[in-house]
Amino acid sequence: MENFIWYNPTKIIFGKGKHLQTGEITAEYTKKVLLVYGGKSIKATGTYDDVTNSLKKAGVEYEELAGVKPNPRLSLVYEGIKICREKNISFLLAVGGGSVIDTCKAIAAGVCYEGDVWDFYKTLMVPEKMLPIGVVLTIPAAGSESSDGSVITKEDTQEKRDCCCDLMFPKFAILNPELCYTLPENQIRAGGADILAHIMERYFVPNENTDLSDRLCEGAMKALITNLPKVLENKKDYDSWAEIMWTGNVAHNGLLGKGRLDDWASHGIEHELSAIYDIAHGAGLAIVFPAWMRYVYKEHPQRFVQFANKVWDIDTDSMDEDTACLAGIDACESFFRSIGLSTRLSEVGIGDEKIPLMAEKACASRMLGSFKKLDSGDVDAILRSAL
Ligand code: NZQ
Ligand code: ZN
């Protein structure tokens with residue numbers, strides 16, 4: 001097992017009706033917030049009214065920043081920084097998913113920095129100070145509600161980059177599975193793929209002696225695989241949503257990667273896809289991950305045999321090693337397809353024109369991955385195999 005530090009300070013408030021306590025929970029930290037949200041969904045679902053009424057009841061004032069788009073843009077981050085400075089705001093409240101939360105994190109870093117906040121995303125420089133943020137989560141997917149990262153897209157250069165540091169952890173995250181009932185099916189599918197991908201990025205590692213984290217990863221993957229089809233069948237299945245929401249959090253709160261390296265090559269490749277083609281992050285991962293698996297599995301085949309056996313219940317004892325590896329990868333791709341996701345670039349209208357550019361951008365500052373180190377030639381080959 002690798003040496004590690006375990007740190008995750010985000011307080012999770014989980015359960016039915018919990019978003020109705022947003023005001024009193026926020027009041028423990030501040031009496032004024034910038035309320036940040038996306039498009040129309042929170043007003044259509046009633047979450048906006050619930051949250052703002054709760055803030056008013058608790059005596060918490062709020063200014064608003066609406067219009068965060070999926071694959072959130074840097075330009076709105078600048079707008080948020082301006083509002084915080086002009087209105088003297090020192091706490092941000094994100095109501096939404098990964099895009100809203102990541103926008104809040106970027107604003108929180110930018111307000112406390114005299115230079116351009118993009119500096120933190122384009123280099124390895126990390127913020128020394130940030131405003132605190134709180135979260136009301138409306139979609140289980142990105143895990144940003146208790147992660148140390150933020151992912152932002154700079155529109156003019158089509159760069160999607162992340163910034164990670166301990167200051168990025170939100171102070172609290174309110175997770176009410178009932179808020180998921182209104183999610184459109186494409187977001188349920190993409191969110192599910194992202195959750196599974198966060199676990200797989202930590203599962204496919206070159207390490208040995210990782211029994212506990214292997215079993216935790218396998219349990220989390222099974223919980224997701226079992227429950228996702230159930231909510232696609234019945235969007236008001238509270239118990240299944242509760243499993244998915246908690247799995248989505250655990251998948252990306254850092255725990256599952258402790259004592260081992262993690263990979264993140266598939267995420268690095270996908271970020272190039274969503275930067276250029278603006279597809280949902282999870283939908284991109286459902287295409288990239290199976291292609292990455294087939295490209296790298298021979299590096300450490302036993303890990304893929306274990307994946308086939310423990311996650312997909314395949315009787316690997318009766319197979320040779322190569323067949324067992326491919327059976328697990330096929331099962332994973334079939335799962336994505338069974339929930340309605342495409343697993344080929346051509347199926348979402350993406351051709352080979354920009355593959356060299358994406359491969360070059362993905363590896364511009366570093367090689368990707370740890371399971372197998374990838375350079376731009378490898379990324380090019382992976383993307384071509386996904387056409
Ligand atoms: O904009 P509105 O109208 O609110 O609609 C949103 C949005 O269109 C909708 N939605 C959210 N909750 C809803 C709802 N619609 C109906 N009912 C609800 N309850 O869902 C759409 C997608 O929202 P978004 O926030 O983009 O989704 P997600 O949570 O998947 O976030 C994706 C972003 O997170 C980044 C991704 O790259 C992508 O930019 N990631 C962030 C990470 C992190 N910070 O740790 C890690 C991840 O790997 C990921 O890279
Ligand atoms: Zn992700």
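The model is predicted. Ligand 1 is surrounded by 32 residues, of which G39, S41, G98, S99 and S147 are the closest. By class, this shell holds 19 polar residues, 9 nonpolar ones and 4 that are charged.

Where in the chain does the shell come from? Two domains take part: domain 1, spanning 11-179, and domain 2, spanning 185-385, each give residues to the shell, so ligand 1 lies between them. In terms of secondary structure, at least two shell residues come from each of the helices α5 (98-111), α7 (185-203) and α10 (265-277), and from the strand β6 (149-154).

The side chain of S41 places an N or O atom 2.7 Å from an oxygen atom of ligand 1. At G98 the backbone is involved, with an N or O atom 2.7 Å from an oxygen atom of the ligand. G149 also contributes through its backbone, where an N or O atom lies 3.0 Å from a nitrogen atom of ligand 1. Ligand 1 on its own would expose 970 Å², and the protein buries 88% of this area.

How many cavities of 30 Å³ or more does the model contain? The count is 1, and the largest cavity holds about 30 Å³ of space. Its lining is made of I139, P140, L183, Q187, I188, G191, G192, L228, W241 and I244. Two or more of these lining residues come from α7 and likewise from α9 (238-251). The largest contribution is that of α7, with 4 residues. The lining of the largest cavity has 7 nonpolar and 3 polar residues, and no charged ones.

Conventions:
Residues numbered from 1 in each chain as written. Chains lettered and ligands numbered in written order. Predicted model: local features only at pLDDT ≥ 70, side-chain atom pairs only at ≥ 80, totals over all residues. Heavy atoms only, no water. Near = heavy atom within 4 Å. Polar contact = N/O pair within 3.5 Å; in protein donor to acceptor, adjacent residues only side chain to side chain. Areas by Shrake-Rupley, 256 points an atom, 1.4 Å probe, with all protein chains shown as cover. Nonpolar A, V, L, I, M, F, W, Y, C, P; charged D, E, K, R; others polar. Domains from an automatic or database assignment. 1 Å grid on protein atoms, 1.4 Å probe; cavity = no way out; pocket = protein on both sides within 12 Å on 5 of 7 lines; lining within 4 Å. Points joined across faces, edges and corners; volume = space filled by probe spheres on them.
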